[in-house]
Amino acid sequence: MQNRFCFALVIVAIILLTVGATAAQDAMNSKAIESPEFQVVGIEARTNNSQESGGNGAIPKQWQRLFMENLLSRIPDRTDQSIVAVYSNYESDWNGDCTYILGAKVKPGSKPPEGMVSKSVPAGKYIEFTSKRGRPEQVVPEMWKHVWAYFQVSGNPTRAYGADYEIYDDMSDPTNVQVRLYVGVKP
């Protein structure tokens with residue numbers, strides 16, 4: 001009887017591990033893409049995941065500043081109406097510091113206005129993830145958790161830690177946002 005119970009526990013554990021691995025591999029319907037180089041102009045901050053999860057993150061402050069100061073209207077030569085967030089200059093991996101730039105895509109060679117920076121996002125291979133719909137402060141962290149799990153699964157691509165970016169196409173309803181995330185991977 002005890003052997004059957006142990007066997008049943010082993011089977012349940014295998015099923016749970018398989019389901020967990022499959023969920024991580026299929027995280028948010030990921031797909032590989034080739035992204036062209038593009039330029040972003042916006043505001044920047046240095047941050048890390050520990051700081052962001054601790055309640056004193058730089059990212060919410062950057063978003064508040066973007067809207068309160070109407071910074072998007074000051075960005076010249078925008079190529080579209082989307083908002084772009086770029087993660088770059090990684091210190092190490094997903095636990096280290098990185099630079100966060102919040103702004104918009106612009107035409108090549110555009111000069112940033114005073115108080116803003118310009119960042120060239122390199123061309124390359126990226127894995128695209130799409131969030132659920134909802135409030136950004138809920139769906140974006142949830143999406144990143146799925147992404148971190150995805151890259152822990154053996155056989156999935158390896159993160160490059162060069163540049164990653166999020167695209168916010170439609171912010172007209174802040175309770176129903178869907179975000180596309182592009183994570184750079186090694187060739």
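Throughout this passage, a residue is called buried when its relative accessible area is under 20%, exposed when that area is over 50%, and partly exposed in between (1.4 Å probe, protein chains only). The structure is a predicted model, in which local features need pLDDT of at least 70 and side-chain atom pairs count only at pLDDT 80 or more, while totals for chains, interfaces and linings use all residues. Residues are numbered from 1 along each chain as its sequence is written, and side-chain values use heavy atoms, with hydrogens and water left out.

Of the 187 residues in the protein, 40% are buried. Contacts, meaning heavy atoms within 4.5 Å, can also be sorted by separation along the chain. Among those between residues at least 6 apart in sequence, 74% join residues at least 24 apart.

Buried in α4 are Pro 136, Val 139, Val 140, Met 143, Trp 144, Val 147 and Tyr 150. Viewed down the helix axis, the buried residues of α4 fall within an arc of 130°, so they line one face of the helix; the arc is that of the directions from the helix axis to the C-beta atoms. An α-helix has 3.6 residues a turn, so residues three or four places apart point the same way. Glu 137, Gln 138 and Lys 145, on the other side of α4, are exposed.

Aromatic rings come next. Rings of Phe, Tyr and Trp (its six-membered ring) are paired if their centres lie within 6.5 Å, and a pair is stacked with planes under 30 degrees apart, edge-to-face with planes over 60 degrees apart, and tilted for the rest. The count by this rule is 13 aromatic pairs. One of them joins Tyr 87 and Tyr 100 edge-to-face, with 5.2 Å from centre to centre and 65° between the planes. Tyr 87 belongs to strand β3 (residues 83-88) and Tyr 100 to strand β4 (residues 98-106), so the pair ties together parts that are 13 residues apart in sequence. Tyr 87 counts as buried at 8% relative accessibility, and Tyr 100 counts as buried at 1%. Tyr 150 and Phe 151 also pair edge-to-face, at 4.9 Å centre to centre and 85° between the planes. Here Tyr 150 is buried at 6% relative accessibility, and Phe 151 is buried at 15%. Ring pairs also link Tyr 87, Trp 94, Tyr 100, Trp 144 and Trp 148 into a cluster.

Some rings have a charge above them. A charge sits over a ring if NZ of Lys or CZ of Arg is within 6 Å of the ring centre and within 35 degrees of the ring normal. The charged end of Lys 105 sits over the ring of Phe 38, 4.4 Å from its centre. Arg 159 has its charged end over the ring of Phe 151, 6.0 Å from the ring centre.

Arg 159 forms one with Asp 164, the closest N and O atoms being 2.6 Å apart, and both Arg 159 and Asp 164 are buried. In another, the side chains of Asp 169 and Arg 180 meet at 2.5 Å, N to O. This pair links distant parts of the chain, 11 residues apart: Asp 169 is in the loop between β7 (159-168) and β8 (179-185), and Arg 180 is in strand β8. Asp 169 is partly exposed, with a relative accessible area of 43%, and Arg 180 is partly exposed, with 26%. Glu 128 forms a salt bridge with Lys 31, the closest N and O atoms being 3.4 Å apart.

Methods: Helices (H or I, at least four residues) and strands (E, at least two) are DSSP runs, numbered from the N terminus. A salt bridge is a side-chain nitrogen of Lys or Arg within 4 Å of a carboxyl oxygen of Asp or Glu.
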